[in-house]
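Here are some notes to read alongside the model, with the definitions spelled out where they are needed.

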Amino acid sequence: MVIRVFIASSSGFVAIKKKQQDVVRFLEANKIEFEEVDITMSEEQRQWMYKNIPPEKKPAQGNPLPPQIFNGDRYCGDYDSFFESKESNTVYSFLGLKSRLASKTES
């Protein structure tokens, strides 16, 4: 399974861009393999993202905003959930991954 971060490269919102960068930088800094999926370049990927976010995690109005994070087909969460897991040092379990120590011994 690979971590997939759904982003919007052409978003006009500075806050969204900063959140996307925060997630990507964290994953890169911690050498967590991931792929960025740009929903502005693929209607199919955008629809997949919308369809696979659990109903209770969708906003009351409008569509879910990027970044949205998945481990394979399993929904991990949005930026707020990611940020909370980062603050509580539980990002690996948030992402559905083994802890850093376990992943270092496997590589």
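1. First, the ground rules. This is a predicted model, in which local features need pLDDT of at least 70 and side-chain atom pairs count only at pLDDT 80 or more, while totals for chains, interfaces and linings use all residues. Numbering starts from 1 along each chain as its sequence is written, and side-chain values use heavy atoms, with hydrogens and water left out.

2. With 16 residues at 1.5 Å a residue, helix 1 should span 22 Å, and the 22 Å between its end C-alpha atoms agrees. The expected span is 1.5 Å times one less than the number of residues.

3. Which residues of helix 1 are buried? They are I16, Q20, V23, V24, F26 and L27 (buried is under 20% relative accessible area, exposed over 50% and partly exposed in between, with a 1.4 Å probe and protein chains only). These residues lie on the same side of helix 1, because their arc around the axis is only 160 degrees (taken from the directions from the helix axis to the C-beta atoms). On the face turned away from that buried side, helix 1 carries the exposed V14, K18, R25 and A29.

4. The buried residues of helix 1 pack against strand 1 (3–7), strand 2 (34–38), strand 3 (68–71), helix 3 (79–87) and helix 4 (91–95) (contact means heavy atoms within 4.5 Å). Just after helix 1, K31 has a positive phi of about 55 degrees.

5. Helix 1 also supplies three residues to the lining of the second largest pocket, the largest share. At least two residues each come from helix 1, strand 4 (74–78) and helix 3. By class, the lining has 10 nonpolar, two polar and five charged residues (Ala, Val, Leu, Ile, Met, Phe, Trp, Tyr, Cys and Pro are nonpolar; Asp, Glu, Lys and Arg are charged; the others, Gly among them, are polar).

6. S85 sits in helix 3. Is S85 buried or exposed? With 5% relative accessibility, S85 counts as buried. Beyond its neighbours within four places in sequence, S85 is in contact with T90, V91 and F94.

7. K98, by contrast, is found in the loop between helix 4 and helix 5 (100–106), and its 53% relative accessibility makes K98 exposed. K98 and V2 are 96 residues apart along the chain, with 13 Å between their C-alpha atoms.

Methods
Helices (H or I, at least four residues) and strands (E, at least two) are DSSP runs, numbered from the N terminus.
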